[in-house]
Amino acid sequence: MLPGIGVFGTGNIVKVVVPFLREKGFKIEAIWGRTLFEAEEIAKELDIPFHTNKIDDVLLRKDVDLIFIICSPNLHSQIAVKALGIGKHVLCDKPSGLCQSEALKMVRASQYYPSLISIVNHSLRFLPAFAQMRRAIVDGYLGAEDEITVVDVRVQMGSLLHDSYDWLCDETMGGGVLTLVGSHVIDLVSFLTLQRATYVHGLVKTFTKNTDKIQGIRNITSADFCAFQMQMSKGALVSVTLNTHIPGTFSQEVLVCGKTGYLVVRGGDLYGYKNSTEKEDVIYLDVEDLQRSISLSPVAVNTIPRPYIERIIQDDGRIEGSFFTC
């Protein structure tokens with residue numbers, strides 16, 4: 001039997017997650033919002049029977065056994081630790097917290113009841129193109145695994161901000177491109193190379209401190225541009241550029257170079273090049289229809305990049321499988 005779900009958050013991602021969960025047979029029992037008004041609005045839109053702005057009101061419900069944490073990162077650790085401590089399954093959006101101590105609290109809490117599902121949603125690695133890239137690396141497409149030389153990641157997109165001031169504007173609440181996109185990239189690089197960063201150098205910058213709709217006494221402090229480099233444990237060098245200054249578009253390219261060629265994911269497609277050939281090989285093309293049989297919110301589809309919608313859907317599918325195999 002699938003568990004009842006309590007959702008923390010009212011953003012566009014929730015409008016993708018809830019319809020898909022229902023399609024899979026889950027029942028959404030409750031939703032939490034930062035304010036009672038936000039909670040009520042999303043509850044009406046998504047037909048969720050209970051809404052609140054109090055964390056414990058959701059956690060202590062007997063009909064809620066699985067918690068989805070899709071709110072501001074400054075609350076991730078607090079909610080997850082409470083939920084795991086009282087025996088609830090937890091799926092938490094990235095990142096696990098604002099600092100190492102918050103992440104470690106979540107790790108320790110997950111050990112209270114080892115049978116519970118406790119997941120941090122760094123699932124970009126599970127997209128088919130990146131799974132195929134990892135398989136190609138293992139199969140020696142670039143030479144030996146420890147001969148990876150350079151990883152270059154470039155993500156270019158429009159602004160992450162909404163029309164009104166909220167946590168996305170505030171670096172102390174977890175807003176910013178490094179937190180929301182860079183955390184995925186760091187996890188992905190570790191997955192592809194099986195290496196950890198040993199040295200890191202970077203720059204984050206907030207260019208947009210006010211907009212036409214966000215102005216007054218509160219300025220935007222979350223970073224809208226980030227560039228950083230990492231030296232990995234086996235010698236690979238990583239360069240990452242995250243840019244949110246290109247309205248109306250999303251471009252993601254992940255390039256991995258080795259002794260015998262390179263592999264590159266553009267969007268959701270994987271290409272490869274061998275030094276002995278004249279042109280790139282097409283290894284994987286993403287032809288999946290996102291709409292399928294579910295009804296996605298037009299706002300969500302237009303504001304969340306396709307690869308990130310895909311990873312949300314795939315992650316929810318794995319959650320369903322976990323309960324059927326328990």
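Predicted model: local features only at pLDDT ≥ 70, side-chain atom pairs only at ≥ 80, totals over all residues.
The secondary structure of the protein comprises nine helices and 14 strands. Of its 326 residues, 48% are buried. The accessible surface amounts to about 15,700 Å², and carbon and sulfur atoms account for 53% of that area. When contacts between residues at least 6 apart in sequence are considered, 64% of them join residues at least 24 apart.

The largest nonpolar core contains 34 residues, and M133 and L242 have the most contacts inside it. Two or more residues are contributed to this core by each of α6 (128-138), β7 (150-157), α7, β9 (225-232), β10 (237-243), β11 (250-258) and β12 (261-266). Helix α7 supplies the largest share, seven residues. A second, separate core has 20 residues, among them I67, C71, L75 and M106.

The surroundings of L242 were examined with its neighbours within four places in sequence left aside. On that basis, L242 is in contact with V155, V177, L178, V181, G182, V185, D224, F225, C226 and F228. Together with I186 and V204, L178 forms a nonpolar patch on the surface, and the accessible area of the three residues comes to about 220 Å². In one of them E45 pairs with K15, and the closest N and O atoms are 3.9 Å apart. E45 belongs to helix α2 (residues 36-46) and K15 to helix α1 (residues 12-23), so this pair ties together parts that are 30 residues apart in sequence. The two partners fall into separate accessibility classes: E45 is partly exposed, with a relative accessible area of 48%, whereas K15 is buried, with a value of 14%.

A further salt bridge is formed by the side chains of D63 and R61, with an N to O distance of 2.9 Å. D63 is partly exposed at 27% relative accessibility, and R61 is likewise partly exposed at 23%.

The side chains of R266 and E280 also meet in a salt bridge, with 2.9 Å from N to O. Since R266 lies in strand β12 and E280 in the loop between β13 and β14 (281-284), the pair ties together parts that are 14 residues apart in sequence. Both residues are partly exposed: the relative accessible area is 33% for R266 and 26% for E280. Through salt bridges that share partners, E253, R266 and E280 are joined into one network.

Strand β13 covers residues 269-274 and includes D269. The side chain of D269 reaches the backbone nitrogen of D286 at a distance of 2.7 Å. Residues up to four places away in sequence being excluded, D269 touches A129, V264, Y284, L285 and D286. D286 is therefore both a contact of D269, as heavy atoms within 4.5 Å define it, and the residue whose backbone nitrogen the D269 side chain reaches.

S72 is positioned in the loop between β4 (66-69) and α4 (76-85). S72 is buried, since its relative accessible area is 7% and the limit for burial is under 20%. The side chain of S72 makes a polar contact with the side chain of N74 at 2.6 Å. With neighbours within four places in sequence left aside, W167 and M173 are in contact with S72. K94 is 22 residues from S72 along the chain, and the C-alpha atoms of the two residues are separated by 9.7 Å.

Technical notes: Residues numbered from 1 in each chain as written. Heavy atoms only, no water. Helix = DSSP H or I, 4+ residues; strand = E, 2+ residues; numbered from the N terminus. Polar contact = N/O pair within 3.5 Å; in protein donor to acceptor, adjacent residues only side chain to side chain. Patch = residues over 30% accessible without salt bridge, like charges linked within 9 Å, V, L, I, M, F, W, Y side chains within 5 Å. Areas by Shrake-Rupley, 256 points an atom, 1.4 Å probe, with all protein chains shown as cover. Salt bridge = Lys/Arg side-chain N within 4 Å of Asp/Glu carboxyl O. Core = buried A, V, L, I, M, F, W, Y, C linked by side-chain atoms within 4.5 Å. Buried < 20%, exposed > 50% of the residue type's maximum accessible area, 1.4 Å probe, protein only.
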